[in-house]
Amino acid sequence: MNLVQTVDWAVIAPPVIAAVAAVALLVADLFLPAARKALLGWGAAAALAVALLALLPLRDGDRATFCLPGDPDLCSYAADRFAVTVQLLVLGGAFLAALLSIPETEDGAVPGGEFWFLLLSSAAGAALLPAARDLATLIIALEVTTLPAYALVALRRGGSAGPEAALKFFLSSVTATAVGLLGVSFVYAGAGSLYLEGIAAGLPTADPRLATLVDAGVALTLVAFAFKAAAVPFHFWVPETYVGAPLPVAAYLSVVGKMAGVAGLVLVTTLAFPGYGDLWGPVAGVLAGLTMTAGNVAALRTDPEAPHSAVRLLAWSSIGQAGYLLVPIAASAYATDTIGTAVAYALMYGVVNLGAFAVAAHVARQRSAHRIADYRGLYARQPAAALALAFFLLCLAGLPPGIIGLFAKVAVFETAVDADLGVLAVVMAVNVAVALYYYLRWTAYLFRGPAATEAGPGETAGSGRPAAPLTGAIVLAALVGVVLSGAPQIILTFASGAML
Amino acid sequence: MISMNETATRLLLVAVVVLPLLGAVAALLPAPPGLRGRHGPDRDVLRHGVTVTGLVFVATLVLAAAFDHDDPGTIQAETDRSWIPALGIRLHLGVDGISLPLLVLTALLTFLCALHSYFRPPDGPRPAAFVALLLLLEAGTLATFAVLDLMLFFLAFETVLVPMYFLIARWGGAGRTAAAWKFVLYTVLGSVVMLLGLLLIGVRAGTFDMVALAEAHGDGLTHTTQLLAVLALGIGFAVKTPMWPLHSWLPDAHTAAPTTGSVLLAGVLLKMGTYGLVRIALPIAPEGMATFAPYLGAFAVAGIVYGSLACLALVRPSPDHPSRKGSALPRSRGAGGDLKRLVAYSSIGHMGFVLLGVATLTPTGVNGALFANVAHGLITGLLFFLVGALKERTGTTDLDRLAGENGAALYGRSPRFGGLLAFTAVASLGLPGLAGFWGELLAMVGAFDPAAGLSRPAFLTYLAVAAFGTLLTAAYMLLVVRRVCMGERPSGADTPPDLPDLRGYEYAAFVPLAALTVLAGLWPAVLLDLTDPAVQSLLPGVVP
C-alpha cells in the first residue's frame, strides 16, 4: 500500500507563503539594525500580498491535494470555491490589518519582530482552515489561528488591560478547544473517519448503540466553532479582548478571527453533519437570533462619552454582525445554496469593518481615548476621513448610500425567507432597525459642530494627515466598498451558486 | 404633445434619477472657478441646488410632454438592464399614468424648496451639506416612483431615510434630535418589515419584476403567501403614509423639521407609502388586499376622524388664554397648539382619505386615492411653506401667541399673505372647485359601492364616518382662518406692526402650487385621464 501522498505546492501556496514569511521575519528581526525594523512591517504586508496573488491560479476552485493514494476523492486539503473565497477574505483582511499595524509598530508601541511573526502565523492558520477537509487539520488550523492571537492581544508594551484580556481570551478559548476535541473524538468513534466526507458517509451507518455518543460529539464540535465565531453565549470574551488589544489586532480578530470560526462552522455543519440538519439547524437559528440581539443591544447601550466606547461599540457590533452571518448557516439546514450568501456577507463585512477600524486607528492617533464623542466634528477637521467612516458605518447598518451593505443584508434575508425561517427573519428585521440607531448615532457625531468645550482627554496636537499605510488602508477599503456598491454582483455572485 | 423617440425618453428618465445623485456629489466639492459668484461659496452651492433641481424639473416636464397620453396604461420610457443577476435584481425603470404625476410633483416641490432656500437659507450649519442632502433626497424619491423592480424600490425607499434624518436633525427647530430619531427608527422598522414582504413575493413568484408580477395578478402566489406579503408590505407602507395608529412619528417630525423638510415630507415622502400600496400590494397580491381591505378602510376612517379631532383640539385656545375670559362658552380643553403641528395632523386625516380610496379596491376609489395624493402634495406643501413664512414674520407658530386676544388679523396686517393662507386652508378642507375636493369625493364614491366581495354595509359606515370627518376638517380649517387671518387690529399703543407682505421669491415658490391647486380643481380630467387607464389595468375583473 502506497502511503506517500503527492503534494501540489501551488495549491497550498497561500497558507505556506504566509507561514514561511512569518518565520523569515522572525529571523530577520534578529539581524536587522533597530533603525531599519520598519522594513519588517512592509515585508509582512508584501508577503500577504504575494499570498493573495497565489490565489489567482486557484480561482477556478477545482484543485485539491493531500489526497489518499487509494482513494483520490478523499483529500485533506481542497482549494474549492469556498476555500479560495474565504482565503481571499482572510488574507485580504490580514493585509489590511497589517497596514493598520505598521504605524503602531513604528511607534514602538508593540515589538516588531514578534508582532509580525504572530500576525502572519495566525493568518496562515486562518488561510489553511477553510481548505481543511478533515477534522484533524481543521482543529489544528483553528488553533494555529487563535494561539498567536492570545499573544497578539497581550503584546502592547506598558498596558495593563492587554495581559488580563489575553488571559481571559486564552482560558475561555482553550476550554472551547478541549470541548471541541472531545466532540471530535466522539464523532470519530461513531464514523470511523476524520475526513469530513467520510464522516458524512459514516455517521448514518454508525453503530446504533453509539447514537447518543455521536449526537453529543456533533453538539460539542459545534460548540467549539461557535465559540471562535463569538456566537452568544460564547461571546463574553470579545469586548474585553478588543478593548485590551492594540487596535489593529482588534480589527484583525473582528474579521479574520471571526471568519475562521464561521468557516469552520460551515464546514462541519454542511460537509460533516449534513444529515444532522434537524439537530443543528434550529440551534444555529436560535444562536443567530440570540447573537444578533445580544450584540446589538449591548452596542446600543454603549455610552458615547465613555472611554473606549468606539472600540467597544465595534466589538459589540461585530457580535451582532456574526449573528447575521449565522442566518444563512441556519437556513442551509432547510434550503440549498445558502452558504454563498454567508460568504458574500462576510466579504462585505470584512471590507467595511476593516475600513471603519482604519479610520478609528487614525483618529486614535490624535485622540487616544477611543471615545465616540471624539469623532464629533470630524467632518469639519478631515472631511475625507469622516465621509469614509460614514460610508463604512452606513454599509454596516445596511442603508444607502452603503448599497453593498443593503444588498448583502437583503441576500441574508432572502435565505431566511427561502428557508421559511419567518421568526428569525422578523428578529433580524428588528435587529437591523436597532443597529441602525447606534451606527447612525455615530455617523451623526461626525457631522456635528466641534465641541465648544476644551479638548477631550488624550488629545495630542498631531498633524491632521493620517499615516501613509493608514491612508492606504482607508482608501483601499473605501474604493472596494464603492466599487461593490456600484456592482454588487461581484460578491453576490457567490450567493446564487453552490459553494460547497 | 411632443413626440420623441423611445431612446430619448428612456435616457430622459434615467437622467431624472441620476442627475440629482451627481448633483449631490458635486455639491460637496468646491465650485469650479467659472461658477463662483460674488457672494461666496454658500450662495454658490445654493444656486447649484436650484440649477440641478430646475434641470430635473424641466426634464420631468419634457418627459410628461413626450408621454403618450393616448396610452397611459402601459409603461413608457422603459429601461430594463440586468444589474445583480445573483439576486435577480434588474435596473428596470419606466413611467405610466400613475407614476408620472408623482414624478412631476416631486420634481416641482423639490425645485420650489431649492428656490426658497436660495433666497432664505435654512438656519443651521453649512448649506453645502443641506443642498447635497436635498438632492440625495430628490434622487431617492424620484427613483421610488420610477423603478419597476421590487428590490430597487426598496433601495430607493431606504435612500430617503438618511438625508431626511439629517435635514431634521441638523436644520430643524426645537426637539429636532428626538423627532429625527423617531422618524428614522419608525420608518426603518417599517421598511425592513416591508422588505420581508417584498422578498416573500420575490422568492415565491421567482421574480422581482413589478410589471411581470402585476400582470400575473397574484397567479403563482398562494393565499397564505399573499396574506403574509400584504401584512408585511402593509405595515411598511402604513408607517410611511402614515396610517393611524402608526402615525405618531409624523407630528413630531413635521414640527421639528425645517420648512423645506416639512414640505418634502408631506408633499413627497408620504406619497411613497400610498404609491407602494397601489403599485405593489394592489396588483401583485389581490387576494391578500381583498382580505385586508376592510381593516385598511377602518383604520383609514379612524385616521380621518382622529386627525381632525386632534386638529380641533390644537386650534382651540387653551383654557387660560385671554380670549376665554368672560366667554359664555364652556371652558373647553383646547390645546392651544402649534400651527405646524396642526398641519401635520391634518395630513393624517387627508392620507386617511387616500387609504380609504385604496381600500375600496374600485377604480373610482383608487383614482380618487391617487388624485388625493397629488392634491395633498400641492396643498399641504403650500401650507407648510406658508406656515414657515408666517414663522419668519412673527417668530412663532404657536396659535395662542399668534392669535392674541382676538385673532392675528393677517388680512389687515399682510393682506396678500393672509389671503393666500385662507385660500390654502379652504383648499385643504376640500372646497369644490379646488384640488382637495375631487380626491375625497371619489374616495367616498368608491366607498359607496366597494368592489365585489367587500362588505357594503361596512364601507357605507366608513363613508358616513369619512363624511363626518370632512365636516370636522371644515370646522378646524375655518377656525384656523378665523384665528390667524381674521380679527380686529387693535389700535393704540399695542398695535402690532405691519408684517411684510409676500416677497418676490415667495410668489415664485407659492404661486405655482396655488395655480395647480385651482387647475386640478377645475379640470380634474388632466390627472384622471392619466391615472384611470393605468388603474384599470391594475385592477382587473372589477366592474367600475
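1. Chain B has a secondary structure of 21 helices and two strands. Helices here are DSSP runs of H or I with at least four residues, strands are runs of E with at least two, and both are numbered from the N terminus. Please keep in mind that this is a predicted model, in which local features need pLDDT of at least 70, side-chain atom pairs count only at pLDDT 80 or more, and totals for chains, interfaces and linings use all residues. Residues are numbered from 1 along each chain as its sequence is written, chains are lettered from A and ligands numbered from 1 in the order in which they are written, and side-chain values use heavy atoms, with hydrogens and water left out.

2. On overall shape, chain B has a radius of gyration of 23 Å, close to the 24 Å that the globule rule gives for 544 residues, so chain B is as compact as a globular protein of that length. The radius is taken over C-alpha atoms, and the rule is 2.2 Å times the number of residues to the power 0.38. Along the principal axes, the C-alpha atoms of chain B fill a box of roughly 75 × 70 × 45 Å.

3. The interior of chain B deserves a look too. Of its 544 residues, 62% are buried; buried means under 20% relative accessible area, exposed means over 50%, and partly exposed is in between, with a 1.4 Å probe and protein chains only. Among the contacts in chain B with a separation of 6 or more, 81% come from residues 24 or more positions apart. A contact means heavy atoms within 4.5 Å.

4. In chain B, have a look at helix H11 (residues 259-284) and helix H14 (residues 363-394), which pack at an angle of about 170° with their axes 7 Å apart. Axes are lines fitted to C-alpha atoms, for helices over the stretch in contact, and angles run from 0 to 180 degrees between N-to-C directions. H11(B) and H14(B) are therefore roughly antiparallel to each other. The cut-offs are under 35 degrees for roughly parallel, over 145 for roughly antiparallel, 65 to 115 for roughly perpendicular, and oblique for the rest. The residues that meet include Ala266(B), Leu270(B) and Tyr275(B) from H11(B), and His376(B), Phe384(B) and Phe385(B) from H14(B). By class, the contact of H11(B) with H14(B) has 10 nonpolar, 10 polar and one charged residues. In this scheme Ala, Val, Leu, Ile, Met, Phe, Trp, Tyr, Cys and Pro are nonpolar, Asp, Glu, Lys and Arg are charged, and the others, Gly among them, are polar.

5. On the H2(A) side the contact is made by Leu40(A), Gly41(A), Ala44(A) and Leu48(A), and on the H4(A) side by Gly112(A), Gly113(A), Trp116(A), Leu120(A) and Ala123(A). By class, this contact of H2(A) with H4(A) has six nonpolar, three polar and no charged residues.

6. For the cysteines, a search of the whole structure finds one disulfide over all chains, a disulfide being a pair of cysteine sulfur atoms within 2.5 Å. This bond joins Cys67(A) to Cys75(A), with 2.0 Å from S to S. The link of Cys67(A) and Cys75(A) is right-handed, with 90° about the S-S bond. Cys67(A) is buried at 18% relative accessibility, and Cys75(A) is buried at 11%.

7. Cys311(B) is buried at 0% relative accessibility, and Cys485(B) is buried at 1%.

8. Two cis peptide bonds are worth checking by eye. One joins Thr241(B) and Pro242(B), with omega about -15°, and another joins Trp244(B) and Pro245(B), with omega about 5°. Pro242(B) lies in the loop between helix H9 (223-240) and helix H10 (249-256) of chain B, and Pro245(B) has its place in the loop between H9 and H10 of chain B.

9. His308(A) is not a glycine, yet has a positive phi of about 65°; His308(A) lies in the loop between helix H11 (277-300) and helix H12 (309-331) of chain A and is partly exposed at 28%. Asp337(A), not a glycine either, has a positive phi of about 55°. Asp337(A) is found in the loop between H12 and helix H13 (339-364) of chain A, and counts as partly exposed at 39% relative accessibility.
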